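Please have the sequence and the coordinates open while reading.

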Amino acid sequence: MELNLEETYYKAILAKDSAYEGTFITAVKTTGIFCRPTCRARKPKRENVEFFKTTKEAILSGYRPCKVCNPLEHLDETPEAIKAILAELASDPSTKFKDWDLLQRGIQPSQMRRWFLKNHGMTFQAYQRAFRINSAFKKIQNGEPVTMVAFDAGFESLSGFGDSFKAIFGSSPKHSKDKGVIDLTRLETPLGTMFACATAEGICLLEFSDRKMLETELKAIAKYLNATILQGENPHFDTLRVQLAEYFEGRRTSFTVPIHSPGTDFQQAVWEKLQEIPYGETSTYLRQATRLNRMEAVRAVGNANGMNRISIIIPCHRVVGTDGHLTGYGGGLWRKKWLLDHEQEHR
Ligand SMILES: [Zn+2]
């Protein structure tokens, strides 16, 4: 980092200037701890300070997060105004937000557009439509008449509803009885944004949003369950949000939220064994294969481990190399290290 920029940053931390919040991270060489620019803790000497652009870089350089300012909390958090709109939409999916409604709530439509494209890969309009169709789909599945459902969902015409429905499900509302839907939502955690999927049975996917395999996993789960993935609410998400928050606060060591994890018999067996590795402990592929009485199948165990779609809850991060080094992790090694350190500390 440039020297004069570092001087600016050092002045900012002395002044606890909140305008710099989110733009850089301060790390202290003598304590091994990294902080937000506004941390209340005692200010370090200039020569002991190192600056990073992101918390990720600080972690990779071996620093630990400060307990006073929690620099990992509220990473990538949804802006309050957008949160309020999402809550309104969840309570009544037929609500339609136009540009005017956004402006009334102090949000620029262009800001909304950028945020949705970045975080959901679609425009806010497309998101709203998906949400409405999902809620309509569930009502039709429950036997409510299509005409009434279309009207309740805020569609002005039955044919408009039919077209939107068909575009998503590939069949008309009347012929959708044999179809299924997988609800999709976005969660925020101290390690960044995650996507979660759920069926009526339970959580079927939980992954960090920047995971490279995410797209492939979503397609696989849709195919497995013969269902369409759509933005929507699901009661299991409520349980998941609470339990994940407790986990990240170090107050929960195991999960009770139901999971729904289709796969081959072998994969299911591997995933079950993963859940037997205690919180705060680690295992190896060899040990997991031995526990399955399949010592010859170490590599296959490793593959099945990598195919796990429900991270954290099915704790594939607790498997390390035989010599104790961290092996690959779909969510990135820095997250794996963070999770293992976190569990060590709170066990
Ligand atoms: Zn701090």
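Is Cys-66 buried or exposed, judged by its relative accessibility? The model examined here is a predicted one, and in it Cys-66 has a relative accessibility of 6%, which means that it counts as buried, the cut-off being under 20%.

## The annotated cysteines

The UniProt entry, which is unreviewed, places a feature called "binding site" at Cys-35, Cys-39, Cys-66 and Cys-69. These positions are spread over 35 residues of sequence, yet they cluster in space, with a largest C-alpha distance of 8.7 Å. From this set, Cys-66 belongs to the lining of the largest pocket.

Cys-66 sits in the loop that runs between β4 (64-65) and α3 (80-91). Leaving aside residues up to four places away in sequence, Cys-66 touches Ile-33, Phe-34, Cys-35, Cys-39 and Pro-71, so that two of the other annotated cysteines, Cys-35 and Cys-39, are among its contacts.

Cys-35, by comparison, lies in a strand, namely β2 (residues 33-35), and with a relative accessible area of 11% Cys-35 is buried as well.

Strand β2, which holds Cys-35, is part of an open sheet of four strands with mixed pairing, arranged in the order β3-β1-β2-β4. Because β3 (49-52) and β4 each have a single partner strand, they stand at the edges of the sheet, and one side of each is left without a neighbour there.

Within this sheet, β1 (residues 25-28) and β2 pair in the antiparallel sense over three bridges.

The domain assignment divides the protein chain into domain 1 (5-65), domain 2 (80-239) and domain 3 (260-346). The centres of domain 2 and domain 3, taken over C-alpha atoms, are separated by 31 Å.

The size of an interface is often expressed as the accessible area that is lost when the parts come together. For domain 2 and domain 3, the area buried between them is about 1,700 Å², with 61% of it on carbon and sulfur atoms. In terms of residues, 17 from domain 2 are in contact with 19 from domain 3.

Key: Residues numbered from 1 in each chain as written. Predicted model: local features only at pLDDT ≥ 70, side-chain atom pairs only at ≥ 80, totals over all residues. Heavy atoms only, no water. UniProt positions renumbered as here; feature names shortened; annotations may be inferred. 1 Å grid on protein atoms, 1.4 Å probe; cavity = no way out; pocket = protein on both sides within 12 Å on 5 of 7 lines; lining within 4 Å. Helix = DSSP H or I, 4+ residues; strand = E, 2+ residues; numbered from the N terminus. Buried < 20%, exposed > 50% of the residue type's maximum accessible area, 1.4 Å probe, protein only. Contact = heavy atoms within 4.5 Å. Pairing = 2+ DSSP bridges. Domains from an automatic or database assignment. Buried area = accessible area lost by both parts, 1.4 Å probe.
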